[in-house]
Amino acid sequence: MSKSSLPAPDHAADLREALLAADFTADGLLDRLGAPAYAALARSETVPALRATRGAGPLDTLVRLFLLQRPVAEERARAALPLEVCLAGGWLTRTGDADGEAEVRACVDVRPYGGPDGEDWFIVSDLGCAVGGAGGIGSREEGVVLGVGGASTTLAGITVRRPVASALDLGTGSGIQALHAAQHATRVTATDLNPRALEFTRLTLALSGAAPADLREGSLFEPVGAETFDLIVSNPPFVISPGARLTYRDGGMGGDDLCRTLVRQAGDHLNEGGYAQFLANWQHVEGEEWQDRLRSWVPYGCDAWIVQREVQDVTQYAELWLRDSGDHRSDPAEYDERYGAWLDEFEARGTTAVGFGWITLRKSAAAAAGRPSVVVEEWPHAVQQPLGQAVRQHFARQDYLRDQDDAALLAGHFVLAAEVVQEQVGLPGAEDPEHVVLRQHRGMMRATKVDAVAAGFAGVCDGSLPAGRILDAIAQLMAEDPVLLRDRTPQAIRLLVEEGFLEPAPGVETRGE
């Protein structure tokens, strides 16, 4: 599809009204299709949805047009949509006759998307390129614009949501992050190297009833010059590949240089207290710790929290992205050649594996003063989305701990975080457990093994007593030296606070003992 053939946003409000009237929403689809067919769509399987929409109702028609991308009789489409407006605006096109009856087809994929507060939004993308759409991705077209995928929803879920004056969606694609940002940012700027992506973002915002964004074409931070923002989000083309064949996914720089450049330049475009949040891939290079590689990316003046969620060896990684572009369905010799090119690239760079995860930066005065908090960790386990609030709390805890020496911790008052439970592990019938585990049931859903002192301490933290007095009582119960216990326990308290098991008690002033 050429840029000129994309729909115009002028009559998006009329189309939106018709979509909502037919219950063409995320909830409406689930009700109409049923859970099995709805889940099958996410696997790019369309047969169950076709069977579920054999009726002639407006919702059946819209599903077939925009999600399954099947031709629909013109009169059937007229009953579901303002047909002439959609044809004139480029949302639909006539395709000729079938058994003497004119048919229409969709020109773009329109996918219902539920907002975090129950909003009914619509993501517009290229036909067959909404993840879970009629054909999956499987595209080898350079300028293709994708719809909603797991990466998009992951980034939206981890993004810090608070009222801000300005937000930047860098590499906007079909505009998912810009749409989220428009709900809490006064001004949203969206950029992309692909001009068609900017047009799709315009359509997504208009069809979702959101305020328009300031759309700018260009690579990385070039379109915004020296401007600064309160929030920067990016789901960049992070795939580490030989060359830049596909704009929507391939970075076009050597190795992981695009992600590194993006992260390092972000600090210059953040306002004080602002957040920059990215998805990224990074190389695991022989002879180098991956954590050290990522620490070197963090720009001056910024705190950072970097979480590695997954690691793939180079063969798994190459196969994943060869399938993504449909190369596995090409000529076997061509596939082998492309596969070999990926492995040659990794071998030349000493790359043994590729990591995927989240990078969050926050600009802070403490970091600018030479006291940055940089946490790089691996957490491949389940989490509870959305995590935006958990991200804010992480940095708040780092601020607190940065200013607390051991004496201050012992004078501090703490409370056990909500939804933390204690598990005792040991042989049945044993008098004492082999070990005790504290486990979170929200946010990062961490689990940590603790000794009897830390378990007892956490269990009685209700904010009423300073930590030192609690330890004195535990020492008396366990017949331990209270001085030695005070000396060795602050490190455990610090870890429990850092990982979110304990929280400083609100509204309690720290008092000396």
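**Cysteines, salt bridges and packing in a predicted model**

The sulfur of C259 lies 17 Å from the closest cysteine sulfur, that of C302, which is too far for a bond. A disulfide is taken as a pair of cysteine sulfur atoms within 2.5 Å, and by this rule the count is zero disulfides. C302 is likewise in no disulfide, the nearest cysteine sulfur being that of C259. C259 is buried, with a relative accessible area of 3%, and C302 is buried at 1%. Here buried denotes under 20% relative accessible area, exposed over 50%, and partly exposed the range in between, computed with a 1.4 Å probe on protein chains only.

The model is predicted: local features need pLDDT of at least 70 and side-chain atom pairs count only at pLDDT 80 or more, whereas totals for chains, interfaces and linings use all residues. Residues are numbered from 1 along each chain as its sequence is written, and side-chain values use heavy atoms, with hydrogens and water left out.

The structure contains 29 salt bridges, each defined as a side-chain nitrogen of Lys or Arg within 4 Å of a carboxyl oxygen of Asp or Glu. One of these joins D60 to R32, with the closest N and O atoms 2.9 Å apart. D60 belongs to helix α5 (residues 58-67) and R32 to helix α2 (residues 26-33), so the pair ties together parts that are 28 residues apart in sequence. Helices (H or I, at least four residues) and strands (E, at least two) are DSSP runs numbered from the N terminus. D60 is buried, with a relative accessible area of 4%, whereas R32 is partly exposed at 33%.

A salt bridge also links R293 and D256, the closest N and O atoms being 2.9 Å apart. R293 is located in helix α12 (residues 290-295) and D256 in the loop between β9 (229-234) and α11 (257-266), so this pair ties together parts that are 37 residues apart in sequence. R293 is buried, with a relative accessible area of 15%, and D256 is buried at 1%. The side chains of R111 and D109 form a salt bridge with an N to O distance of 3.9 Å, and both residues are buried. A network of salt bridges links E74, E75, R78, E84 and R94.

In helix α8 (residues 150-158), the residues S152, L155, A156, G157 and I158 are buried. The elements that cover the buried residues of α8 include strands β4 (109-114), β9, β10 (270-285) and β12 (351-363), together with helices α9 (176-181) and α16 (388-402). Contact means heavy atoms within 4.5 Å.

Three strands form an open sheet in the order β15-β16-β17, with antiparallel pairing. Its edge strands are β15 (420-425) and β17 (447-450), each of which pairs on one side only. The twist averages 25° from one strand to the next. Two strands are considered paired if DSSP finds at least two bridges between them; β15 and β16 (residues 435-440) pair in the antiparallel sense over six bridges. Within this sheet, E423 stands opposite V437 in β16. Helix α18 (residues 452-460) packs on the sheet and touches β15, β16 and β17, its direction making about 120° with that of β17. Axes are lines fitted to C-alpha atoms, for helices over the stretch in contact, and angles run from 0 to 180 degrees between N-to-C directions.
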